[in-house]
Structure formats: structure tokens, C-alpha cells
Amino acid sequence: ISGAFALYPIVVLWSEDFKKENPNVRFNISAGGAGKGISDVLTNMVDIGLVSRDLHSQELDRGAFPIHVAKDAVICTFNSEHPNYDLLKKRGLTQAELSNLFVGQKYKLWSDIDSQFVEKPIAVYVRSDAAGAAETWAKFFFFFLEDLKGVGIFGDPGLAQAIKGDPLAIGFNNLNYVFDLKTKNTTASIAVLPLDINSNGHIDADEDFYAHLDTLTNAVATGKYPSPPARNLTFVIRDDKQTKLLKEFVRFALAKEQQGHLLENGYVPLNNALLAEELKKLGN
């Protein structure tokens, strides 16, 4: 199994639980980005590709067979030591402002966005790998991964670390690399920058769900957090390689017990209708 950093943590947990029931099964799991996952599975390098973006038509034409196993979200992140931390949390940024930051590069200084912000350069960080998070973030602005501009950093852990090390930084991350799963609060030196969804210049009560992991995953589940950047997380196998073992592991991931582990690990489970739809894909 290889692919998306977003899915890697929960797949490791699922594999450990699966081995308890099936001790003769061995797993080799690596994270390298959604692009690597889809490439590896289509070239028969792995059995399952972990993908955190929509599949492209040419990938489906080459035999990619997707099964959604969870949901999560890409979130805007910045350094919690930012000189305008309180104002940014209160004001947020609009979709248009974020697009001008990550695609248009209209703003060079924080004060270019809002005169209330510090007159210092904005440090924009993006992903250097073929990441589902980056493609989903770009799709939020109606652009493509290649259109994102900034300092390229490999992997979700690396991007989070870069933001933690720069007080003037802004970027984007998957939930699991921002929140502490025990406390459900953000980890040291990184914060979530709220989306001003209705573009009225401040974060309203029904837009204010970023302080705690549970409130944010609930916002994803109920659609309060927009999609994109909320998204499906997907197992991809080849349509000509649906072995009994692969189907059993996918069914295991879709089982109620394993779906029940998702919320505590920073993911959003599929509802009953979606579960039935994905299980139907597997046939008998």
C-alpha cells in the first residue's frame, strides 16, 4: 500500500487490527503522496493506492477502481506566533483572498490583504509533491495543483513543520498533521486560519468551528465546511486485480467497527447510504 499522507495514519491502524484477525497477512505501507499512490497501483507496484483527491478520467481509463473509505478536509494553516494571530482568527480570509495568495500572488505583504495586518512579507508554503491535499486546495479556487505558488515542501509533515518554524507563514494541511489526537487541540506553533465563507469580513458564529477537532470534523460531516476543500479519501485498486484478500481488507475498512475509529483519529466516517454504495462496488 502506498500513497496519500492523509490516509496513511488510519491505514496503519486498520492494518494492525486486520492482522489480529488474520495473522498470516503482512503489510508494507508507505506514504509518498496521492500521485505516487495512483501511479504505484496502476503500474502494479502496490496492491492499494491511497488517494486523497478526485480521480482523473485517464486514470479510470487505465483501470483505476476507486472505493471511498473516509472523509476529511484540507485546512488553511498559519503560525500561532503570527503578530496578528487574534485578528486573523476573528477576521479569517475569504476564498478570493486565499486565491490571490496561493495562485494570483497579488499580495506580497500581510498589510496588502488588510491594512490592519503587519507590514511584513507573507511566507506562502505549498506542497512540492503530487499531493491530493494540494490538488484539493487548488480546486477550492477553481485552479489546478500546478497553479499553486509558494515555497514547495515535500509531504504533509514537512509542510506543517515549515509553518511552525516561520511566524509569517501560511499554508495548508490535512487535519491529522495539525491537531493532537489526544487533546483534540492544535499542536504547538500551528493554528487553523478560518474561512470567511460568506465574505462579510469576519467569522460568524456558524463559521467558527476550528478550535477543536471534534467541532471541525462535525462541520465537515454536516457540510458547514465547504467541499472542496473537504474531500473523499479513497482506496484505489486495479479493476483487473480484485482478489479475495484485497476485497476482505476493503470490507474490513468499511465495517462499522473500523469506521467507528475514524472520528477519534481525525477523520469523518461515511454515512450508512455511502457505506452501502461503496460495499456494493465490491460485489460478492
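## Basis

Residues are numbered from 1 along each chain as its sequence is written, and side-chain values use heavy atoms, with hydrogens and water left out. Because the model is predicted, local features need pLDDT of at least 70 and side-chain atom pairs count only at pLDDT 80 or more, while totals for chains, interfaces and linings use all residues.

## Largest pocket

The largest pocket has a volume of about 400 Å³. A pocket here is an open set of points on a 1 Å grid over the protein atoms alone, where a 1.4 Å probe fits, with protein on both sides within 12 Å along at least five of seven lines. Lining residues have an atom within 4 Å of a point. Points are joined across faces, edges and corners, and the volume is the space filled by probe spheres set on them.

The lining holds 18 residues, and R53, D54, H56, E135 and K139 are the closest to the centre. Two or more lining residues come from each of α7 (132–140) and β9 (230–238). Helices (H or I, at least four residues) and strands (E, at least two) are DSSP runs, numbered from the N terminus. The lining divides into 7 nonpolar, 4 polar and 7 charged residues. Nonpolar means Ala, Val, Leu, Ile, Met, Phe, Trp, Tyr, Cys and Pro; charged means Asp, Glu, Lys and Arg; the others, Gly among them, are polar.

## Second largest pocket

The second largest pocket holds about 280 Å³ of space. Its lining has 16 residues, with I1, R26, F27, D47 and L246 nearest the centre. Helix α10 (residues 244–254) gives the most, with 3 residues. By class, the lining has 10 nonpolar, 3 polar and 3 charged residues.

## Strand β9

In β9, 8 of the 9 residues are buried, so the strand is largely enclosed by the rest of the structure. Buried means under 20% relative accessible area (1.4 Å probe, protein chains only).

Strand β9 pairs antiparallel with β3 (residues 49–51) over 3 bridges. It also runs antiparallel to β4 (residues 64–79), joined by 9 bridges. Pairing requires at least two DSSP bridges between two strands. V236 of β9 is the bridge partner of G49 and of P66.

## Helix α2

Helix α2 (residues 34–42) is largely enclosed by the rest of the structure, because 7 of its 9 residues are buried. These are A34, G35, G37, I38, D40, V41 and L42. They pack against β1 (2–3), β3, α3 (57–61), β4, α7 and β9, where contact means heavy atoms within 4.5 Å. Just after α2, N44 takes a positive phi of about 65°.

Methods:
Buried means under 20% relative accessible area, exposed over 50%, partly exposed in between (1.4 Å probe, protein chains only).
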